[in-house]
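Thanks for making the time this morning.

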Amino acid sequence: MAETPRLSPGDTAPDFTLTDDAGEQVTLSDLRGRKVIVYFYPSAMTPGCTKQACDFSDSLDSLQAQGYEVLGISPDGPEKLARFREKEALTIRLLSDPDRSVMTAWGAFGEKKLYGKVVQGVIRSTVVVGEDGAVEVAQYNVKATGHVAKLRKDLALA
């Protein structure tokens, strides 16, 4: 299985501009001065992705109080993301990466094992970007369930 290049702590997070679920452009470098949790998930409205998005939404107020923004990125189009947000009452910002170029640059798209087979796909990942734009935490192949609690623990957040 070919290794997908991944980000590591200390790397500069690749900048991007993507469209969110409201049709607005979001540019990572515009968020400098804030810490940003960028998480990548395969598909809106699937059980694991819904659980993870709801967990991030449920934690958003406390994360923002500690200086963090949360951006969820999937290959879904803005219209599907808007339906996902509405259906699940999500409060996090959802971004569309239909050509998977941002996912690829961040190491969140490539070969992975799915039910014992090697496939090309989204690698469920979370990267924490510091106020200066440098990667602080890079976690790949994370589990959808319990991930937000583990991330909060890893970041020593209450």
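Trp106, in this predicted model, touches Leu7, Ala13, Pro14, Phe16, Leu28, Val38, Phe40, Val127, Val129 and Tyr140, and that list leaves out residues up to four places away in sequence. Trp106 also belongs to the largest nonpolar core, which has 24 residues, and together with Phe16, Phe40 and Ile73 it touches the most other members. If you follow the chain, at least two residues of this core are supplied by each of strand E3 (35-40), strand E4 (68-74), helix H3 (101-105), strand E8 (125-129) and strand E9 (135-140), and the largest share, three residues, comes from E3. Another core lies apart from this one, with 22 residues, including Ala44, Ala53, Phe56 and Leu155. As general background, nonpolar side chains in soluble globular proteins tend to be buried together.

Let me turn to a glycine. Gly110 sits in strand E6, residues 109-114, and it counts as buried because its relative accessibility is 5%, where the cut-off for buried is under 20%. Between Gly110 and Gly121 there are 5.5 Å from C-alpha to C-alpha, although the two are 11 residues apart in sequence.

Finally, how much space lies in the largest cavity? The answer is about 50 Å³, and a search of the whole structure finds one cavity of 30 Å³ or more. Its lining consists of Leu28, Ser29, Leu31, Arg32, Arg34, Val36, Val129, Gly130, Glu131 and Gly133, which by class makes four nonpolar, three polar and three charged residues. Leu28 and Val129, both in that lining, are also among the residues that Trp106 touches.

Conventions
Residues are numbered from 1 along each chain as its sequence is written. This is a predicted model: local features need pLDDT of at least 70, side-chain atom pairs count only at pLDDT 80 or more; totals for chains, interfaces and linings use all residues. Side-chain values use heavy atoms; hydrogens and water are left out. Helices (H or I, at least four residues) and strands (E, at least two) are DSSP runs, numbered from the N terminus. Buried means under 20% relative accessible area, exposed over 50%, partly exposed in between (1.4 Å probe, protein chains only). A nonpolar core is a set of buried Ala, Val, Leu, Ile, Met, Phe, Trp, Tyr and Cys residues joined through side-chain atoms within 4.5 Å. Contact means heavy atoms within 4.5 Å. On a 1 Å grid over the protein atoms alone, a cavity is a set of points where a 1.4 Å probe fits but cannot get out, and a pocket is an open set with protein on both sides within 12 Å along at least five of seven lines; lining residues have an atom within 4 Å of a point. Grid points are joined across faces, edges and corners, and a volume is the space filled by probe spheres set on the points. Ala, Val, Leu, Ile, Met, Phe, Trp, Tyr, Cys and Pro count as nonpolar, Asp, Glu, Lys and Arg as charged, and the others, Gly among them, as polar.
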